[in-house]
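Here are my notes for you, written to be read with the model open in your viewer. Take them one point at a time and find each part as you go.

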Amino acid sequence: MIPLSWLIALSAVVFVIGVVGVLVRRNALVIFMSIELMLNAANLAFVAFASHMRSLDGQVFVFFVMTVAAAEVAIGLAIIVHLFRLRETVFVDEIHLLKG
Amino acid sequence: MLAALFFGFAALLVVTSLMVVLHKNPVTSALFLVLAFCSLAGIYLLLRAEFLGMVQIVVYAGAIMVLFLFVIMYLNLQHDVESGLQIAVRRGIGWFVGALLLLVGGALLKRGWALGPANEVLPDVEQGNVAAIGRSLYSRYLFPFEITSILLLVAMVGVIVIARGRTRHAGGRAGGAGGVGGGA
């Protein structure tokens, strides 16, 4: 049995890496990947607690988080593609107009 | 044995997620992200969450990352241009905030929080994780499960509308330009 605190620490580390990625990078695609990392860190915490409590509810919730993540990625990438057609760039510094 | 496997997967997860953030080329970042998702699936397997481990590989490493790679290659991005004083300052701020967040998390973790004793009632071992999750999804969580299908439908329609672009000129038909949204 893996101790709960190790799993939570690992989840925290991965989440922080995702936060740093969002703050540091300028490429919208890499920012999206960092958001995926954060979602996965949260999923890991869910599974860790579910395993600790010997309950399935946490795992079912992770299933729902995955569906929402899939929908979010599809829509986000569509927005990025549309933005690229308008602006010819995916660097968030160069995108500063709300109305294209 | 379990601890050794856990440390292996954890080290792989941390290193690959760092490479996702640090690498200059978006395609390489995406491939490292696939590796990170696979090591996370390994950790799920260690935690006896077999269904989630498989779904992690199929949905994340399979579907979502293919979508990412497809868009990266469709946009044909050049190398990341990241230089200059302003960028350097902001990068420093980003790392500082990250370190601060990690310190706060460590301090919280150290304060000896207690969740209470672990529940000792084991669910049926013979029927397996997948069957148990399926039973739970189709009984207790039936309504959220159905709502999820509506969410996916809304996302699909929204993606097609967004990626089709403006239909002001060219007779109101964007034609082949909608291909990316359709693939999603």
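The points below go from the contact between the chains, through the core, to a helix pair and a single residue.

1. Before anything else, keep in mind that this is a predicted model. Now look at how the two chains meet: 57 residues of chain A are in contact with 69 residues of chain B. On chain A's side, α1 (4–24), α2 (28–53) and α3 (57–87) each put in at least two residues. Which of the helices gives the most? That's α3(A), with 21 residues.

2. What kinds of residue does chain A bring to that meeting? Sorted by class, its side touching chain B has 41 nonpolar, 11 polar and 5 charged residues.

3. Next, the largest nonpolar core, which has 67 residues. If you want a way in, pick out A:L29, A:M33, A:L44, A:V47 and B:V71, as these have the most contacts inside the core. As background, nonpolar side chains tend to be buried together in soluble globular proteins.

4. Who builds this core? Elements giving two or more residues are α1, α2 and α3 of chain A, plus α1 (2–22), α2 (26–46), α3 (50–75) and α6 (142–164) of chain B. The top contributor is α2(A), with 13 residues. In chain B, domain 1 (1–79) and domain 2 (141–169 + 176–184) both give residues to the core, so it lies between them.

5. A:V47 deserves a click of its own. Skipping its neighbours within four places in sequence, A:V47 is in contact with A:G58, A:Q59 and A:V62 on its own chain, and with B:Y44, B:L47, B:A49 and B:L52 across in chain B.

6. Now follow α2(A) and α3(A) as a pair. Their axes come within 9 Å and cross at roughly 175°. Anything over 145 degrees counts as roughly antiparallel, so that is the label for α2(A) relative to α3(A). Residues making this contact include A:L29, A:F32, A:F46 and A:V47 from α2(A), and A:G58, A:F61, A:V62 and A:V65 from α3(A). By class, the contact has 15 nonpolar, 4 polar and 2 charged residues.

7. Last stop: B:F7, in helix α1 of chain B. Is B:F7 buried, exposed or partly exposed? With 13 other C-beta atoms within 10 Å, it's partly exposed, because buried would take 20 or more and exposed 12 or fewer. Also check B:I43: it sits 36 residues from B:F7 along the chain, and their C-alpha atoms are separated by 9.5 Å.

How values were computed
Residues are numbered from 1 along each chain as its sequence is written. Chains are lettered from A and ligands numbered from 1 in the order in which they are written. This is a predicted model: local features need pLDDT of at least 70, side-chain atom pairs count only at pLDDT 80 or more; totals for chains, interfaces and linings use all residues. Two residues are in contact if their C-beta atoms, placed from the backbone, lie within 7 Å. Helices (H or I, at least four residues) and strands (E, at least two) are DSSP runs, numbered from the N terminus. Ala, Val, Leu, Ile, Met, Phe, Trp, Tyr, Cys and Pro count as nonpolar, Asp, Glu, Lys and Arg as charged, and the others, Gly among them, as polar. A nonpolar core is a set of buried Ala, Val, Leu, Ile, Met, Phe, Trp, Tyr and Cys residues joined through C-beta atoms within 7 Å. Domain bounds come from an automatic or database domain assignment. Axes are lines fitted to C-alpha atoms, for helices over the stretch in contact, and angles run from 0 to 180 degrees between N-to-C directions. Angles under 35 degrees count as roughly parallel, over 145 as roughly antiparallel, 65 to 115 as roughly perpendicular and the rest as oblique.
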